[in-house]
Amino acid sequence: MDPLKRLGELLIAYRLPVVVIIGVVTLFFGYHMLQLRLVTSFGELLPQSHPYIKIHNRFSGTFGGANNVMIMLEVKEGSIFTRETLNKIWRMTEGLDKVYGVNHNQIDSIAHRTVRYLKVAAGGTMRAQPVMLEPLKTEEEAATIRRIVHNAENIYGLLVSLDDKAALIRANFIEGRLDYRRIFQEINANVVDPFRDDNTEVYVAGEPRLYGWVYDYSSEIKYIFMATTVLLWVLLYLYFHDWRGALRPTISGVFAAVWGLGFINLIGMALDPLALVIPFFITARAVSHSVQMHDRYYETYGRTGNKHEAIVDAFAELFVPTLSGILTDAFGVLVVLLVPIIMLQKLAISASFWIMTIIVSELLLNPIVYHYLEPPKVHVIKAREAGVFKRVIDAAVAALLSRTGRIATFAVAVLAVVGSAYFWQSLVIGDPTSASPILHPDAPYNVSHKRIQEKFGGVEPLIVVAEGYDRDAMKEPRMLRRMEEFQRALERDPSVGYSFSLADIIRAVNMVFHELEPKWGVIPNSWVDVGGLFFIYFSGSPPTETAKYVDASYTTAHVTFFCKDHKGENIRRIIHRTKQFIFGAQLQDLGLTVAEKGGQVAITAVAATPNWERAGPSWLESARDTGERPFKVGDVITRLGKFPITDLESLQAALSKETANKTVVTFGVLRNGQAVEETVAVPWKAAFKLAGGLIGVLAAANEELLRNDLLMNLLGFGTIYFVLIFTYRSFAAGIYMIFPLLVANGVVNAYMGARNIGININTLPIVTVGVGFGIDYALYIVSRTIEEYRHLGDWEPAVHRALTTSGKAVTFTAGSMIAGTLFWTFSRIRFDSEMGLLLALWMAISFIGSMTLLPVSMLTFRPRFIVLEAQRISRLEAARARQLERWRKRA
Amino acid sequence: MPQTQPSGWWLAVMLAIIVGCHREAPEDLPLFERKISIADKFYDVRALDASRAVVVGYGGKILMTEDGGRSWRVLPSGTDRALYSVEFIDANTGWISGQDGVILHTSDGGKTWTRQVSGTTLYLFGIDFIDHQRGWAVGDRSTYLYTADGGRSWRLAKVGGPERLTADEALLAQEPVLYDVQFLDADTGWIVGEFGNIYHTTDGGKSWTNQQDTLLGDGIFDTLDLPTFFGVQFIDRLNGVAAGLEGRIARTRDGGENWKFEKFELREPIIDPLFQAFQFPDTTGWAVGAAGEVARQAVVAAPWQRASLGMEILTWLRGVHFLDKDNGWIVGGYGLILHTTDGGKTWLPSVG
């Protein structure tokens, strides 16, 4: 007997133990499913091994992290400098300070204790004191605050808009305490709602707020689920003409969901509201497999009228395509493991486990469920055979397989690929839009984001850390000037709004110290003067407050660039320019001009008086003693430390890595054909290190995605191909079946490009789940073609029959899934609606591809694997028949 | 039945599709090439004629217009230090003083600037020339520099303080910062600075006398309470004004024998410092200061009033210069350059 049929028989025979075991396991997972929370863990969204994230993790506690909330109060009439409005800002700041998870030392507001100005008291003594110590009592006090703000460069334009109509309150949240839902509610209750009135509007932006909105909206997802379920039931009833057809896929879907969701909790993961589309798709796969099985069961039952035979036959015939469909999906998703982002890795594991559970619900449980279910009425099955749907399919298949149909199919496929290729170039890594693409452009969050952007020019920080080699490095005037130069250089990029560094403080303090004379608003010449000014400014503040500007030993500070958006391409460009600036500054300090020619980096000029120190760079003693410069014009730099140098890019990377923590570096130099080693003490006091803030961490995530994108695509398809080799024992089978998927992939990529949907940590898992999408359509059609070829012995009738049987079920599943997916487009979360549309498109294209391109190419090229597979199965059947005959005789 | 195996080229097409969907390379947006940006701070302006003007400021910035401010050219200064003061004695010859003892000189109307050796690294806040040869620059620590050869060589000197000092006065008045200087000829000149100091010489700097004592009375009884003066301007040997702390303007009509604080007619007093006052030959004038304060004396000897520039100014204003009663310039923080051609009725900002 066919081992698969035997397995089916066994399952029915031992149904009680099987049901008990599955029931117990389901209870176990069900318990875990109920513990599941809807949480986004920010740390897990970051590629922890990326150097930017390491810097981010080290300094986010002091210099500011990526979880900033920006609250802007804006008045419509008048200015904010009235007693009433300033007191509002005071109370809002106080309210924000009480929100759960806020870092109390990283609140910036004119009404927060950490925002200080320099006050010259009677007798010439000076101290830095908070701008607003307490709520105001008179309008005169408000006028005083106005004056203070207008004279403080570190406040005006940064925390108060240049038109005096808006004030910004900025707070950073502690990464481990991010409870988006709670932050959202508490900010609404403490900071937003009580302060809105006819003349005052409050806007809130920032990642924690964005996720707050997503959580707020995500409650509607249950309605989407409900609507989809109802629709599916209706469609399934219409298709199968009875309620069992609707029940069976539901059982499969629910079992898989309980196991999958339970597993997610079991591995310590929570559900991300943005990833909720994924469970939907996995469930869709379960339903899809069920429909195939159920269709086959009805078909066989209609033919034989024997329930038991129909169950076992459907089970045995569909076992291979179902199993390999599940395996390709599961392994395809597992490829996401490659991205070193914990969230994605957990998602890969849980999604592929979930898909695997379909094996249990669909294959193991199935024969048992059928066993307990009443068989369908034969007249119902007959009615289906003559239904409208069946007739339409018959007609369409006939048209497709005609000569014209075949030519048209190829032509359309080529056009689709070529047309899509045009849009591929606009596909981006990272976010392609300025506000958040997760929500609709007119969502309150995006409106707020845009408004704050307009008033303050930039709200999303990129933090570059200047880490000194020694204490007091930040008191060095040259270092401060370098930071200032850095600011001015990057501010010229259209995406950078403004920037902030210790240099801004020192200038402002110097000016106030000298009776507000702007000519003193400069960086002093000596580090003694700088130190003195810092002392004046910071002496009255506890270290926890000053730590956001500079550490207590003045070793390390930062330059923060406030960027206008986090578009993927802008982030990439800004990071590129940041590196370019640092590299240029280092070369300038070394007094070197270099050029790349023919795979070498040659020194084209050595500064007579290196820029850094007029006395000349502080070379190591030996070089200084001989009076010789370590570099000469014409030298070729071949090595820096342990890094070989072949081009400017490698020199840039090596310089940044080698001098990250060391002040002495060794250059390998080729001079007049001789290899020479030159050891040099770097003339700068601190190394600039990338990168913290939202822009820094997104840059890291985008870089990881970019690095793995191609590999993942290749491996995703590779996995599918590999499974197909084993399924059909043929190298060609995979090519026939993957081709429609590739066309779908191409079209979907084009759609993403055209619709401005970027590849980012949110979209990537969905796109990757989609890669294997529709392979099961191909599997069912090919398996059925093999089967029919075996019976009919000719290509055209075999393909025709496969399309009107399995193809019919495929058409139904695809149609109903696409219809169900379209409910997502009503979601207030733009991300969900776009992903819904995207996946509907994906299913549609791979369905069309599998139903047209695949059969037409099979018919045109007549692949040998179908014939061989058919012959092999026939041989096996014959052998089994002979064996059976022998057993019977023996008996 | 023929069976083809098109695996080879199909595989190639498939790879092409996968790789085709992969993208890279950031597009390079051009950098802003703004000549005037919000990060600019301008300290001084000089109108050379009705259409030409030179502005100097932070970060070694020198700007020049030849069309009344419609367009600006950034002139290479060769330094990134702040440039504080600019002086032209004719259309071609000018000097700029700045941070770190920077002195720049041009003899081609500002097209090229060369650095002169000042011999100091002090801040040189003000510079003044009376002809092609003789000039003075003043800075912190009571230091001034003078040249008799057009800046080829500069000599350092210190201005003496009051002769008799109490111990406290000596401590505080030690080396006051000097902010501005003006000479009318080789002998007669004034320097103003910290603690209300107004120094006067009639012998080309050999000896200096203090003139600020006449400002006492009028609510100020201690010389140390006198406001620091940031700018001084004389139109002849008799008439001079000095602008200073707490919105004060001091005036003399007798060559400094007597200085008096000017009267203001204001609804709200000016409490922020005024940095520069400019008077016309008829002694009416303009003054600018911190927090966007602009004061104007429109009628001779009448009280000063707040002037409206037709826009809200939210930054400090450091320099004011008029070519004549109609044509004038004001410069300040946040890259602000304002120009009037109708005597201050309307002001147009330059946006680079």
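Predicted model: local features only at pLDDT ≥ 70, side-chain atom pairs only at ≥ 80, totals over all residues.

Trainee: Where is Asn105(A) found?
Mentor: Asn105(A) is in strand S2 of chain A, residues 102-108.

Trainee: What is Asn105(A) in contact with, beyond its neighbours within four places in sequence?
Mentor: Thr114(A), Thr544(A), Glu545(A), Ala547(A) and Lys548(A).

Trainee: And how far is Asn105(A) from Pro543(A)?
Mentor: In sequence, 438 residues. In space, 9.9 Å from C-alpha to C-alpha.

Trainee: New topic. How many residues are in the largest nonpolar core?
Mentor: It has 351 residues, and Ile110(A) and Ile155(A) have the most contacts inside it. Helix H29 of chain A, residues 830-861, gives the most to this core: 16 residues.

Trainee: What does Ile155(A) touch?
Mentor: Leaving out residues up to four places away in sequence, its partners include Ile110(A), Val115(A) and Tyr117(A). Val131(A), Val149(A) and Val160(A) are also among them.

Trainee: Now helices. At what angle do H21(A) and H23(A) cross?
Mentor: Roughly 80 degrees, with their axes coming within 10 Å. The two helices are therefore roughly perpendicular to each other.

Trainee: Which residues make that contact?
Mentor: H21(A) brings Lys579(A), Ile582(A), Phe583(A) and Gln586(A). H23(A) brings Gln652(A), Leu655(A) and Ser656(A).

Trainee: How do they divide into nonpolar, polar and charged?
Mentor: Three nonpolar, three polar and one charged.

Conventions. Residues numbered from 1 in each chain as written. Chains lettered and ligands numbered in written order. Helix = DSSP H or I, 4+ residues; strand = E, 2+ residues; numbered from the N terminus. Contact = placed C-beta atoms within 7 Å. Core = buried A, V, L, I, M, F, W, Y, C linked by C-beta atoms within 7 Å. Buried ≥ 20, exposed ≤ 12 C-beta atoms within 10 Å, placed from the backbone. Axes fitted to C-alpha atoms, helices over the stretch in contact; angles between N-to-C directions. Parallel < 35°, antiparallel > 145°, perpendicular 65-115°, else oblique. Nonpolar A, V, L, I, M, F, W, Y, C, P; charged D, E, K, R; others polar.
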